[in-house]
Amino acid sequence: MKIVVIGGTGLIGSKLVTRLGEYGHEAVAAARNTGVDTLTGEGLAEVLSGAAVVIDVSNSPSFEESAVMQFFETSTRNLLAAESDAGVGHHVALSVVGTERLPDSGYFQAKLAQERLIEKAGIPFSLVHATQFFEFTRTIADAASTDGRTVRIAPVLYQPIAGDEVAKEVGRTAVGSPLNGRVEVAGPEQFRMDEFFRDALAAWGDPRQVVTDPDARYFGAELHERSLVPGEGAVLGEIRYADWPGRV
């Protein structure tokens with residue numbers, strides 16, 4: 001079947017297009033660099049023609065609070081309207097574990113707004129909530145670096161996952177029946193976040209010191225013990241961070 005991947009040239013999208021193609025589906029990568037712009041609606045009608053499923057793994061180019069909210073609300077409204085016109089039968093969106101638990105985060109609140117639009121649209125849907133990707137480890141460390149010498153991390157539970165396994169679960173969900181709800185996906189191991197980053201920086205030979213700080217913020221948000229980890233019944237990946245080729 002024809003499956004359109006919005007954000008199909010990005011980290012997860014490109015993996016999805018390859019994986020779905022290998023299983024015999026017509027997987028179409030849709031992004032600004034392929035002539036599709038969800039913010040303006042350009043190219044949506046054409047690319048969605050004949051599509052059975054749309055997977056949205058796009059992301060905001062800016063994490064500034066108002067910009068990220070505008071991106072997810074505008075792009076999601078445009079996408080859902082175009083899907084309704086095209087008769088798309090399944091909308092799949094990649095989101096983040098804990099969207100409803102981090103009210104201080106403009107990004108998480110924007111993702112929550114996106115989910116609410118999807119839930120109200122009337123198109124059968126599935127939401128895949130993933131934990132932090134292994135690929136974002138350096139980005140998270142840099143965001144928590146206060147003075148170039150220290151990285152302040154809260155000692156909360158942390159359960160990151162390889163991007164390949166996120167793509168696997170999103171693809172599996174897309175070719176199944178709509179959940180009209182969510183599934184959570186996470187890595188196979190839980191860590192204390194501060195200990196995870198202390199080990200990661202040491203493996204990189206990074207001279208910055210990881211400081212355990214219960215009040216440390218995560219992209220502006222206050223963290224609690226289980227803010228970033230899934231509940232019971234989550235789908236767990238198999239790739240351990242210690243075995244992931246990109247860890248160093």
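The following conversation goes through the terms applied to this predicted model and the values behind them.

Colleague: What conventions apply to the residue numbers and to the confidence of the model?

Modeller: Residues are numbered from 1 along each chain as its sequence is written, and side-chain values use heavy atoms, with hydrogens and water left out. Because this is a predicted model, local features need pLDDT of at least 70 and side-chain atom pairs count only at pLDDT 80 or more, while totals for chains, interfaces and linings use all residues.

Colleague: How do you know that the span of helix α4 agrees with its number of residues?

Modeller: Helices (H or I, at least four residues) and strands (E, at least two) are DSSP runs, numbered from the N terminus, and the expected span of a helix is 1.5 Å times one less than its number of residues. For the 15 residues of α4, residues 106–120, that gives 21 Å, and the end C-alpha atoms are 21 Å apart, so the two agree. Just after α4, G122 takes a positive phi of about 90°.

Colleague: Which residues of α4 are called buried, and what covers them?

Modeller: Buried means under 20% relative accessible area, exposed over 50%, and partly exposed in between, with a 1.4 Å probe and protein chains only. The buried residues of α4 include G106, Y107, F108, L112 and I118. Their cover includes β3 (53–56), α3 (65–86), β4 (90–96), β5 (125–130), β8 (181–186) and β11 (217–218), where contact means heavy atoms within 4.5 Å.

Colleague: What makes β5 a largely enclosed strand?

Modeller: Six of the six residues of β5 are buried, and therefore the strand is largely enclosed by the rest of the structure. Both of its faces are covered, with F125, L127 and H129 buried on one side and S126, V128 and A130 buried on the other. In a regular strand the side chains alternate between the two faces of the sheet.

Colleague: How do you know that β4 and β5 pair, and where does the pair sit in the sheet?

Modeller: Two strands pair if DSSP finds at least two bridges between them, and β4 and β5 have six, in the parallel sense; within this pair, L94 stands opposite V128 of β5. The open sheet has seven strands in the order β2-β1-β3-β4-β5-β8-β13, with parallel pairing. Its edge strands are β2 (26–30) and β13 (235–236), since each pairs on one side only. Elsewhere in the sheet, β1 (residues 2–6) is joined to β3 by four bridges, again running parallel, and V5 has I55 of β3 as its bridge partner.

Colleague: Which strands do α4 and α6 lie across, and at what angles to β4?

Modeller: Axes are lines fitted to C-alpha atoms, for helices over the stretch in contact, and angles run from 0 to 180 degrees between N-to-C directions. Helix α4 lies across β3, β4, β5 and β8 at about 160° to β4, whereas α6 (residues 163–174) lies across β3, β4, β5, β8 and β13 at about 155° to β4.

Colleague: What makes a set of residues a nonpolar core, and which residues touch the most other members of the largest one?

Modeller: A nonpolar core is a set of buried Ala, Val, Leu, Ile, Met, Phe, Trp, Tyr and Cys residues joined through side-chain atoms within 4.5 Å. The largest has 32 residues, of which M193, F197 and L223 touch the most other members. Its largest share, six residues, comes from α7. A second, separate core of 22 residues includes I3, A27, V53 and L94. Leaving aside neighbours within four places in sequence, M193 is in contact with residues including I140, I153, Y218 and L228.

Colleague: Why are S145 and F191 called partly exposed?

Modeller: S145 has a relative accessibility of 21%, and therefore counts as partly exposed; F191, at 24%, is likewise partly exposed. S145 is placed in the loop between α5 and β6 and, not counting residues up to four places away in sequence, touches T150, V151 and R208. F191 lies in strand β9 (residues 191–192).
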